[in-house]
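The following exercises are to be worked with the sequence and the three-dimensional structure at hand. Each task is followed by a solution in steps.

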Amino acid sequence: MEQKKILIITYYFPPAGGPGVQRWLKFVKYLPEFNVQPIVYVPENPTYPIVDEGLVSQISDKVIVLKNKIWEPYQLASVFSKNKTKKISSGIFPQKKKQTFLDKLFLWVRGNLFIPDARVFWVKPSVAYLEKYIAENNIDTIITSGPPHSLHLIGLELKEKLNVKWFADFRDPWTTIGYHKALRLSSYAAKKHKKLEHKVLNAADTIIVTSKTTKTEFEAITTKPISVITNGYDLENVEQQTLDTKFTLAHIGSFLSDRNPQFLWECLVELLQEVPDFKTHLEIKLIGAVSQEVLDAITDFKLKEYLNLLGYVSHHEAIAHQKKSQVLLLIEINSEDTKSIIPGKLFEYMVSNRPIIAIGPKGSDFSDIIKETNTGVFFDYSEKAKLKSVILDFYNQFLEGKLQSHGVGLQQYSRKNLTKQLAQLING
């Protein structure tokens, strides 16, 4: 049987690094096994806040990659402040009370002049390019992946012009995502975001989301079918790791200002005072972009001497650190808006055989996954005593050489199984 061709429109693709890349890099790896030919459309000259050249080798040779030039205002803004531009591009915003005039200006411009986001100038040239390509190559199905949500506007126009079957994939929510409120939106801009969101959700044939909460939110906006396909893990070719000799608490990925868990630092300070030898073993290992507010808090709590700040590492190295760290930290902002967020690294954490300490708002979608798979313990921000007790328990297991996790039912989150779900939707 002839393979079905699908066109996937995405912004983040190797050599981009970070969590936004993994979802479609892995889907296109396995789709050919389900008789689907993926054609991926990406920008030719993107402004990626993180680059990981090692991921290029993971692109399947069965994938056709199309590239088209993009103009982004970040390229212009970087003339004024390259560092601020890079941080805003990657979603790291300074806390409101610490924002400079330039910070406020950058956020206002980003939120009010570029709707839905700074990649909006890629929409029209992409529609022109893809309209011709789709017609010439007999493609009847497209998928757009956001954020950036401007890519859904490409899908919207192609749907209107060609009546292709369109799947809109939301890796994150649109108007309810945590950082949306930080963009200093005018009432006009906020209404325009809502209007575009409504239009996309009601024009796409099928919506794909990564969490049950996002599905519930979208069901209040559209009657179109919505499928939950989470992120997942892949079997990575990483050599066997020797466990850290220190009692390492490792956070891998962006550590944003609003994720700063004061009660975790308080627990560690108290354990340092109360538990003999805890200070000789403790190490706080942070890998990836870390906000200044988090670093300041660690200093204020006098924990800096226990900090190992490694910065950004390749995805391959990140997987190695996951397998050799004693405990893995997963921290989400304490907000109603973040209950739907299931961090992509959760699934890689789950197959590392290391216990997870997860912190987030009460009722978080990822708390259910951790509980069901027996891969760690979830805490909301009111559970300081419970958190302290679990850290102490993990520490004692570490001293005895018995600290590990015992995950169950993980196979449902393998990238291959998730791609099978996607292929069934595409062929359905």
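**Exercise 1: Helix α11**

Just after helix α11, lysine 302 takes a positive phi of about 60°. The structure is a predicted model, in which local features need pLDDT of at least 70 and side-chain atom pairs count only at pLDDT 80 or more, while totals for chains, interfaces and linings use all residues. Residues are numbered from 1 along each chain as its sequence is written, and side-chain values use heavy atoms, with hydrogens and water left out.

Task. State which residues of α11 are buried and what they pack against.

Solution. 
Step 1. Helices (H or I, at least four residues) and strands (E, at least two) are DSSP runs, numbered from the N terminus. Helix α11 covers residues 292-300.
Step 2. Buried means under 20% relative accessible area, exposed over 50%, and partly exposed in between (1.4 Å probe, protein chains only). In α11, Glu293, Val294, Leu295, Ala297 and Ile298 are buried.
Step 3. These buried residues pack against α9, β9 (282-287) and β10 (307-311), where contact means heavy atoms within 4.5 Å.

**Exercise 2: Helix α15**

Solution. 
Step 1. The buried residues of α15 are Leu387, Lys388, Val390, Ile391, Phe394, Tyr395 and Phe398.
Step 2. Just after α15, glycine 401 has a positive phi of about 70°.

**Exercise 3: Strand β8**

Task. Describe how β8 is covered and identify the strands with which β8 pairs.

Solution. 
Step 1. In a regular strand the side chains alternate between the two faces of the sheet.
Step 2. On one side of β8, Phe247, Leu249 and His251 are buried; on the other, Thr248, Ala250 and Ile252 are buried. Six of the six residues of β8 are thus counted as buried.
Step 3. Two strands pair if DSSP finds at least two bridges between them. Strands β8 and β9 run parallel and are joined by six bridges, with phenylalanine 247 opposite leucine 282.
Step 4. Strands β8 and β11 also pair in the parallel sense, over three bridges; histidine 251 has leucine 329 as its bridge partner in β11.

**Exercise 4: Strand β5 and its crossover**

Task. Explain why β5 is described as largely enclosed, and trace the chain from β4 to β5.

Solution. 
Step 1. Five of the six residues of β5 (residues 165-170) are buried, so this strand is largely enclosed by the rest of the structure.
Step 2. Strand β4 (residues 141-146) runs parallel to β5 and is joined to β5 by six bridges. Glycine 146 has phenylalanine 170 as its bridge partner in β5.
Step 3. From β4 the chain passes through helix α6 (residues 150-162) to β5, and this β-α-β crossover is right-handed. The term applies if, with the strands pointing away from the viewer, the path from the first strand over the helix to the second runs clockwise.
Step 4. Four bridges join β5 to the parallel strand β6 (residues 206-209), where threonine 206 is the bridge partner of phenylalanine 167.
Step 5. Within helix α6 lies leucine 156, which counts as buried at 7% relative accessibility. Leaving out residues up to four places away in sequence, leucine 156 touches Trp166, Lys199 and Ala203.

**Exercise 5: The two domains**

Task. How far apart are the C-alpha centres of domain 1 and domain 2, and how many residues are in contact?

Solution. 
Step 1. The domain assignment, which is automatic or from a database, gives domain 1 (4-229) and domain 2 (247-409).
Step 2. The C-alpha centres of the two domains lie 29 Å apart.
Step 3. In domain 1, 23 residues are in contact with 17 residues of domain 2.
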